Amino acid sequence: ATKAPDAMASAEVDAGRCAFRITLQGVHPKIDGKTLVYAAPATTGQPWDCTGGDLPDRYRRMQCRSGDE
């Protein structure tokens, strides 16, 4: 079974869009304290943007990688 994150918070991004931030804790020392941000789309029907936060790309799903690494 997958362990649920220990910390999650709501946030707001540009244009008042809804978002939530997950802070990883107790997963692995290399990523403890790192964040992953999911932001609602500006247009209905579009996917959520999951490229925010400071979690390195190598620990993200392919569609959530920002390409900054």
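Colleague: Rings of Phe, Tyr and Trp (for Trp, the six-membered ring) count as a pair if their centres lie within 6.5 Å. On that basis, how many aromatic pairs does a search of the whole structure find?

Modeller: The search finds two aromatic pairs. Please bear in mind that this is a predicted model.

Colleague: Where in the chain do Phe-20 and Tyr-38 lie?

Modeller: Phe-20 belongs to strand 2, residues 18-23, and Tyr-38 to strand 3, residues 35-39. The two are 18 residues apart, and their pair links distant parts of the chain.

Colleague: And which residue does Phe-20 pair with in the tilted case?

Modeller: That partner is Trp-48, with ring centres 5.8 Å apart and an angle of 50 degrees between the planes. Trp-48 sits in the loop between strand 3 and strand 4, whereas Phe-20 is in strand 2, so this pair ties together parts that are 28 residues apart in sequence.

Colleague: Which residues do the ring pairs link into a cluster?

Modeller: The cluster is made of Phe-20, Tyr-38 and Trp-48.

Colleague: Why does Trp-48 count as partly exposed?

Modeller: Trp-48 has a relative accessible area of 40%, and partly exposed covers the range between the 20% limit for buried and the 50% limit for exposed. Phe-20 is partly exposed as well, at 27%, and so is Tyr-38, at 22%.

Colleague: Let us step back. What elements does the chain have from the N terminus on?

Modeller: The order is β-β-β-β, with four strands and zero helices. The chain has 69 residues, of which 25% count as buried. It exposes about 4,900 Å², and carbon and sulfur atoms supply 52% of that area.

Colleague: What share of the contacts between residues at least 6 apart in sequence joins residues at least 24 apart?

Modeller: That share is 12%.

Colleague: Now the cysteines. Which of them does the disulfide join?

Modeller: Cys-50 is joined to Cys-64, with an S to S distance of 2.0 Å. The structure holds one disulfide. A link of this kind is a covalent bond between the sulfur atoms of two cysteines.

Colleague: Where are Cys-50 and Cys-64 in the chain?

Modeller: Cys-50 is in strand 4 and Cys-64 in the segment after strand 4, 14 residues apart. Both cysteines are buried.

Colleague: Is their link left-handed or right-handed about the S-S bond?

Modeller: The link of Cys-50 and Cys-64 is left-handed, at -95 degrees.

Colleague: How is Cys-18 classed, buried or partly exposed?

Modeller: Cys-18 is partly exposed, with 48% relative accessibility.

Colleague: Turning to charges, how many salt bridges does a search of the whole structure find?

Modeller: It finds one. The partners are Arg-60 and Asp-57, whose closest N and O atoms are 3.9 Å apart.

Colleague: Are Arg-60 and Asp-57 buried or exposed?

Modeller: Both are buried. Arg-60 is also among the residues in contact with Thr-35.

Colleague: Where is Thr-35 found?

Modeller: Thr-35 is in strand 3. It counts as buried because its relative accessible area is 14%, under the 20% limit.

Colleague: Leaving aside neighbours within four places in sequence, which other residues is Thr-35 in contact with?

Modeller: Besides Arg-60, Thr-35 touches Arg-21, Ile-22, Thr-23, Gly-52, Gly-53, Asp-54 and Leu-55.

Conventions: Residues are numbered from 1 along each chain as its sequence is written. This is a predicted model: local features need pLDDT of at least 70, side-chain atom pairs count only at pLDDT 80 or more; totals for chains, interfaces and linings use all residues. Side-chain values use heavy atoms; hydrogens and water are left out. Buried means under 20% relative accessible area, exposed over 50%, partly exposed in between (1.4 Å probe, protein chains only). Contact means heavy atoms within 4.5 Å. Accessible areas come from the Shrake-Rupley method with a 1.4 Å probe; for residues, only the protein chains shown count as cover. Rings of Phe, Tyr and Trp (its six-membered ring) pair if their centres lie within 6.5 Å; planes under 30 degrees apart count as stacked, over 60 as edge-to-face and the rest as tilted. A salt bridge is a side-chain nitrogen of Lys or Arg within 4 Å of a carboxyl oxygen of Asp or Glu. A disulfide is a pair of cysteine sulfur atoms within 2.5 Å.
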